[in-house]
Amino acid sequence: MSDSLERASEMDAPLQQLKQKIDAEPAPRSGGSAIGGLSLLLVLLLACALGAGGYWLWPEFQQLQHDTAVTQQNLQRLTEQQQQQLDAASQLQQQIQTEQQQRLTQLEQRLQQQQQQVLTQNQAQMQALRQLVQERDSAPPRHWLLAEVEYLLQLASQKVWLQQDYATAIALLGSADEKLSKLDDPSLLPVRQAIAADSKQLKQIKVPDMSQLYIQLQQMRKLSSTLPLKQQQQAEQTVAAPGHQLSQWRETLSYYWQQSWSQLIRVRSAVPEDYFSLSAEQQLMLRTSLQQQLLLAQLAAMQHQSQVFAAALQQASDQLQRYFDADNTEVQQLGSELASLAAVDVGLEQASPLTSLAQLQQYQQQLTESSL
């Protein structure tokens, strides 16, 4: 029993010594507790501010994600529309080339037929002239001059119907009238009146300068490859750094919060008509689409298709105003040139049949009947 008591007293001795040391230490100061409480209060306020900021910025973040998705969908839709326009332009260009080739083949066949007919008629006329020369020892100059006039009138008719070369036809009619004036025969007055009426009709037809128009459109195609595209510029907002006073903890928290998010996400407004940050492929597609419309206008002008020509120029003007920089001088100049070309009528007015050749043939028939 005594041994157990001694052992218990030995085990309680260290505890008694520790209790004496604790009783000997001074009591803690009240100032340290105040600083700890203030620190705990600041931590709790900072946690509440972070929670409130997260609760307020979460809808803004969701709206930002939605705007980004809408912008990506608009860019995808623009790319698809541009691809469809390129495909339609290629198909239309191929169709126009095919139609042009078919028309050219038909014109060549018709020209060969007309040439064959003219050659047959000329051979028949030459045979008749040889026979007339054989019957008579010498033909009077009047018959030779009338034959030349008839040949000139035939050439004028061919220029009008086969080649639509109205300027050459007017020159041929003038040469025929000049030869008839040398005869000084009042009986040829109806023929000269018919020649004058045909010349007046052809002079009233307005023929656009297709060569100048083609060269102007070619220069516009070259210029379109260097025009600047419309880019939206983002206005950067800078916020001044707050002070380091403890009373400005709200400004400090807001400043560092904005600085952190501005490094991750840049918010900017999007307008449906204003596309920005275009890639190199998208810029090339826009310039190629504008060049395709100008090329289509060239082909339509050469084919004298007024509606296709006007539609192509309208489409090119719309693309120029929508996608290119309107403040650039070259863009403004190209827009004014497109507006002036839209007023040009590339359609070719058809001339009425020439009556001078039929009038001359009627005169020659009357002359032959009177000689018999």
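Student: Where is Leu42 found?

Tutor: Leu42 is found in helix H2, which covers residues 30–135. The model is a predicted one, in which local features need pLDDT of at least 70 and side-chain atom pairs count only at pLDDT 80 or more, while totals for chains, interfaces and linings use all residues. Residues are numbered from 1 along each chain as its sequence is written, and side-chain values use heavy atoms, with hydrogens and water left out.

Leu42 counts as partly exposed because its relative accessibility is 37%; buried means under 20% relative accessible area, exposed over 50%, and partly exposed in between, with a 1.4 Å probe and protein chains only. Leu42 belongs to a nonpolar surface patch together with Leu38, Leu41 and Leu45. The accessible area of these four residues together is about 340 Å². Such a patch takes residues with over 30% relative accessible area and no salt bridge, joining nonpolar side chains (Val, Leu, Ile, Met, Phe, Trp, Tyr) within 5 Å and like charges within 9 Å.

Read along the sequence, the pattern is α-α-α-α-α-α-α-α-α-α-α. Of the 372 residues in the protein chain, 24% are buried. The accessible surface comes to about 26,000 Å², and carbon and sulfur atoms account for 54% of this surface; accessible areas come from the Shrake-Rupley method with a 1.4 Å probe, and for residues only the protein chains shown count as cover.

Gln154 lies in helix H3, residues 141–163, and is buried because its relative accessible area is 8%. Leaving aside neighbours within four places in sequence, Gln154 is in contact (heavy atoms within 4.5 Å) with Gln121, Asn122, Gln125, Leu357 and Gln361. Gln154 and Ser356 are 202 residues apart along the chain, yet their C-alpha atoms are separated by 9.5 Å.

Phe324 sits in the loop between helix H9 (306–323) and helix H10 (329–342). With a relative accessibility of 1%, Phe324 therefore counts as buried. Its contacts beyond four places in sequence include Ser224, Leu227, Arg287, Leu290 and Val331. For the protein chain as a whole, among contacts between residues at least 6 apart in sequence, 80% join residues at least 24 apart.

Charged side chains complete the picture with 2 salt bridges, each a side-chain nitrogen of Lys or Arg within 4 Å of a carboxyl oxygen of Asp or Glu. Lys179 pairs with Glu148, their closest N and O atoms being 3.5 Å apart. Lys179 is in helix H4 (residues 166–183) and Glu148 in helix H3, so this pair ties together parts that are 31 residues apart in sequence. Asp177 forms a salt bridge with Arg192, with 3.0 Å between the closest N and O atoms. That pair links helix H4, which holds Asp177, with helix H5 (residues 189–204), which holds Arg192, across 15 residues. Asp177 is partly exposed at a relative accessible area of 22%, and Arg192 is partly exposed at 30%.

Conventions. Helix = DSSP H or I, 4+ residues; strand = E, 2+ residues; numbered from the N terminus.
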